[in-house]
Amino acid sequence: MTHDTSSHDTTSHDTNHDTNGSRTMRIGILGTGAMAAALGGAWVRAGHQVMVGGRDAAAAAATAARIGAAEHGGPAEAARYGEAVLVAVPADAAPLLAKELAPQLAGRTLLDCTVPMAPGADGPALTTAGGTDSVAARLAAAAPEAHVAKVFGICHESIWTLPRPAFEGAPLAVPFCADAPSAAALASELITSMGCAPMPCGGLDRAALLEATAVFAIGVWWSGGEARHAFPAPALAPGAIDD
């Protein structure tokens, strides 16, 4: 495992390709927790080059070693490592970190998997205002020269440890919102490389819907229910036409 302290200039696309023909991306990760490890491991398996960045050098090194990442270092190094940067820190800390790293994040696509959630009287509740307010929107404001995609936050981290997530005969659909066509294209390409199906859900003004969906699903799971049981396909209803 290497600890690279140099400045990486990766604003241009990496032209390497894996054996499946997918482009190899360089992805920096901000964070060393469960989501950082699960998604980072999935990207390593998909053939991408990953750098784990954290303020705790020992934690960054341990996470990188566990998932087989190419490198580890501090947050600033991870921010400028690749064209994509995963924000996998607590939701309330994410905008502050993005503001701190704004110069290094310029020209990159931030992948926001955070869930702004706190315990409430009736279950978990959003900690944002909802509507057009979201952690993703706050990240975009904190690092205005970066692009942002809200993605990967709905599934539990355990799902991303599966080699190629598929359920009931279909690849996992991954919803995302993005603030620019380039960010949407990168998110879609990355999702596809993981063996999943991209599910575009509009611009970043709709990111709050994905955050609320994640909070809803978590509340259902915590109550012992299955969120997927609330969303059967219309085509499965007798005599129905799926339109």
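Predicted model: local features only at pLDDT ≥ 70, side-chain atom pairs only at ≥ 80, totals over all residues.
Local features need pLDDT of at least 70 and side-chain atom pairs count only at pLDDT 80 or more, while totals for chains, interfaces and linings use all residues. Residues are numbered from 1 along each chain as its sequence is written, and side-chain values use heavy atoms, with hydrogens and water left out.

**Largest cavity**

- The model has 1 cavity of 30 Å³ or more; on a 1 Å grid over the protein atoms alone, a cavity is a set of points where a 1.4 Å probe fits but cannot get out.
- The largest cavity holds about 60 Å³, a volume being the space filled by probe spheres set on the points, with grid points joined across faces, edges and corners.
- Its lining (residues with an atom within 4 Å of a point) consists of Thr114, Val115, Lys150, Val151, Phe152, Gly153, Ile154, Pro175, Leu210, Glu211 and Ala214.
- Strand 8 (147–151) and helix 8 (207–222) are the elements that give two or more residues to this lining; helices (H or I, at least four residues) and strands (E, at least two) are DSSP runs, numbered from the N terminus.
- Helix 8 provides the largest share of the cavity lining, 3 residues.
- The cavity lining has 7 nonpolar, 2 polar and 2 charged residues, where Ala, Val, Leu, Ile, Met, Phe, Trp, Tyr, Cys and Pro count as nonpolar, Asp, Glu, Lys and Arg as charged, and the others, Gly among them, as polar.

**Largest pocket**

- The volume of the largest pocket is about 1200 Å³; a pocket is an open set of points with protein on both sides within 12 Å along at least five of seven lines.
- Of its 28 lining residues, Leu172, Ala173, Ala227, Arg228 and Phe231 lie nearest the centre.
- Strand 10 (170–171), strand 11 (173–178) and helix 8 each supply at least two lining residues, and the largest share, 4 residues, is from helix 8.
- By class, this lining has 21 nonpolar, 4 polar and 3 charged residues.

**Second largest pocket**

- The second largest pocket has a volume of about 560 Å³.
- It is lined by 24 residues, with Met35, Cys113, Thr114, Val115 and Met117 closest to its centre.
- Helix 6 (135–142) and helix 8 each contribute at least two residues to the lining, and helix 8 again has the largest share, 3 residues.
- The lining divides into 16 nonpolar, 5 polar and 3 charged residues.

**Helix 1 and helix 2**

- Helix 1 (residues 34–45) and helix 2 (residues 57–67) pack at about 40 degrees with axes 9 Å apart; axes are lines fitted to C-alpha atoms over the stretch in contact, and angles run from 0 to 180 degrees between N-to-C directions.
- Helix 1 is therefore oblique to helix 2 (angles under 35 degrees count as roughly parallel, over 145 as roughly antiparallel, 65 to 115 as roughly perpendicular and the rest as oblique).
- Ala37, Gly40, Gly41 and Val44 of helix 1 meet Thr63, Arg66 and Ile67 of helix 2, contact meaning heavy atoms within 4.5 Å.
- This contact has 3 nonpolar, 3 polar and 1 charged residues.
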